[in-house]
Amino acid sequence: MDNKPVYLDYNATAPLKPQIKAAMDEVLGEPLNPSSIHSSGRKARKLVEDARQKILQRVSGEALVFCDSGTEANNLALGQIGRTENGERKTEIIVSAIEHDSIFKVENPIIINVNKNGVVDVDDLKSKLSVHRSPLTVLVSIMLANNETGVIQPIRDIAKIAHQYGALVHTDAVQAFGKIDIDFKELGVDMMTISCHKIGGPVGAAALVHRAGLELKPIMFGGGQEKNKRPGTENVAAIAGFGKLAENVSRETFVVSGERKTENGKEEEKLFTVHRSPFTEYLESEIKKFAPDAVIFGENSPRLPNTTCIAMPEIEAATQLIHFDTSGICISTGSACSSGKVEDSRVLKAMNAPLAKNAIRVSTGWATSKADMDKFIKSWRELYLRAKNAAA
Ligand code: PLP
C-alpha cells in the first residue's frame, strides 16, 4: 500500500515535476558559471539566457533579473526607492494589508485596506495616493493573487490609478504564475515578481520582471552578474528548470481569462472570468452539501483555481491540522506558520472574516488526483460530524 501522504499544500511548495527534474539532472554536477569565458562558462550562459527568453515569452515581459527566491525579488523591487544624501528614504511605500511578509514587513509602509471579499480597496488607494506630499515619490506594491485565499486583485486598475499619481508599481505574482494567464504588458505594472516552486519547478530560482526602460538598482554588492543588478553566481540548474517549466506551462492550461472594459466604459468591467479547477470546485460543492455552515473565504471574488481557504465551525485550525496530519493529509493553516507556530492569519483579520481561527488552506497542483480530494473530503466530514455530535 502506498503510504505517501496526500499533499494539498501547493501554495507552500509543490513537488518537482519529473520532466523539470530530468532537465536539471542533465546539468547538475557540471561546473557551470556563466561569468567564465571558457566552453563550460559559455554553456552556462546559454542555459541562463535561454531560460530568460522562455520566461519572458511566457509572461509577455521585456526584461528580468534572476534572483534566488520570491522573497529576494520582492526585496529588490522594494529597493527601487529614492534616498536622501543621509540615506533616509525619500519614497513612500504603499502596500496592501494582505501582502506576503516579504513585502509587508518593509519599514513604515502605508497600508491599504481590503474588503470582506479579500479585494484591495481601490478607493482607499486613491485617497492615500492623493495625500502624498512632494518631494516624496511613491512605490505601490500589491500582489496579483493572495497566498491564503487565492483572491485575485484588480492590478490593471491599480496600476492605472497609481501611474496617474506618478507612482512606480510592483506586483507580487508568486502565487499567480502558472495558475492564471499573466501578461506583464497588459497588467501595466513596472515590476513583477515570479517564482517557480509553487507549480512544480525547483526552489532556488525566481525573477523580478521589469519594464526594459526601468534602471534597477541592486540591493546587494558583489560581482557584475545580471547586468550589475544582482550580484552572485547564478543558480544555473534551477534557472534552467524554471525556463523549462515556463516553456511547458501552456496557455491552454490557464483557467482565468481577462475581459476588457469597452471604450465607452458602459459594459460592466469583468477583470477575470474564473473557471474553477474541477478539483477545488468539487471540494467546495461536496463540503457545502453536508456542511452549509462552512465558510469559504473570498468565495465571491475571482480566485486562483487551486486555492480554497475554508473554516470548519467548532474546530480551531491547529486541531484540524493535527487531525489531517495524523490522517496522512498535508494542509496548512495559512501563511502564518513559518516559524513552526500557528498564529492568527493577518490576511483573514484584514478581511474581518468570521471564524478566522478555524480556517485552513487547501491548495492543489499538478499531481493532485480526485482520490486525493475524496480522501480529504471524507476526513473533513469525519471531524465535522464528530464536532457536531459532541456539541449536540
Ligand atoms: N509572495 C507570495 C505571495 C508567497 O506566497 C510567497 C511564498 O509563500 C513569497 C512571496 C515568497 O516566496 P519564497 O518563500 O519562495 O521566497
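Let's start with two helices that lie side by side: helix 2 (residues 39–59) and helix 9 (residues 236–248) pack at about 35 degrees, with axes 8 Å apart. Here helices are DSSP runs of H or I with at least four residues, numbered from the N terminus. The axes are lines fitted to C-alpha atoms over the stretch in contact, and angles run from 0 to 180 degrees between N-to-C directions.

This is a predicted model, in which local features need pLDDT of at least 70 and side-chain atom pairs count only at pLDDT 80 or more, while totals for chains, interfaces and linings use all residues. Residues are numbered from 1 along each chain as its sequence is written, and side-chain values use heavy atoms, with hydrogens and water left out.

**Helix 9 and its partners**

Helix 2 passes helix 9 in a left-handed crossing (the near helix is turned anticlockwise from the far one by less than a right angle; clockwise would be right-handed). Residues in this contact (heavy atoms within 4.5 Å) include Leu47 and Ile55 of helix 2, and Ile239 and Phe242 of helix 9. By class, the contact has 10 nonpolar, 1 polar and 3 charged residues. Nonpolar means Ala, Val, Leu, Ile, Met, Phe, Trp, Tyr, Cys and Pro; charged means Asp, Glu, Lys and Arg; the others, Gly among them, are polar.

Helix 9 also packs with helix 1 (residues 18–27), at about 145 degrees and with axes 9 Å apart. That crossing is right-handed. Among the residues that meet are Ile20 and Met24 of helix 1, and Ala238 and Leu245 of helix 9.

**Around the ligand**

Now look at the ligand, which 13 residues surround (each has a heavy atom within 4 Å of it). Helix 3 (residues 70–78) gives the largest share of this shell, 3 residues. By class, the shell has 2 nonpolar, 9 polar and 2 charged residues.

The table lists polar contacts, pairs of N or O atoms within 3.5 Å.

| Side chain | Ligand atom and distance |
|---|---|
| Thr71 | oxygen, 2.7 Å |
| Asp172 | nitrogen, 2.6 Å |
| Gln175 | oxygen, 2.9 Å |

Technical notes. A polar contact is a pair of N or O atoms within 3.5 Å; within protein, one must be able to donate a hydrogen and the other to accept it, and residues adjacent in sequence count only if both atoms are side-chain atoms.
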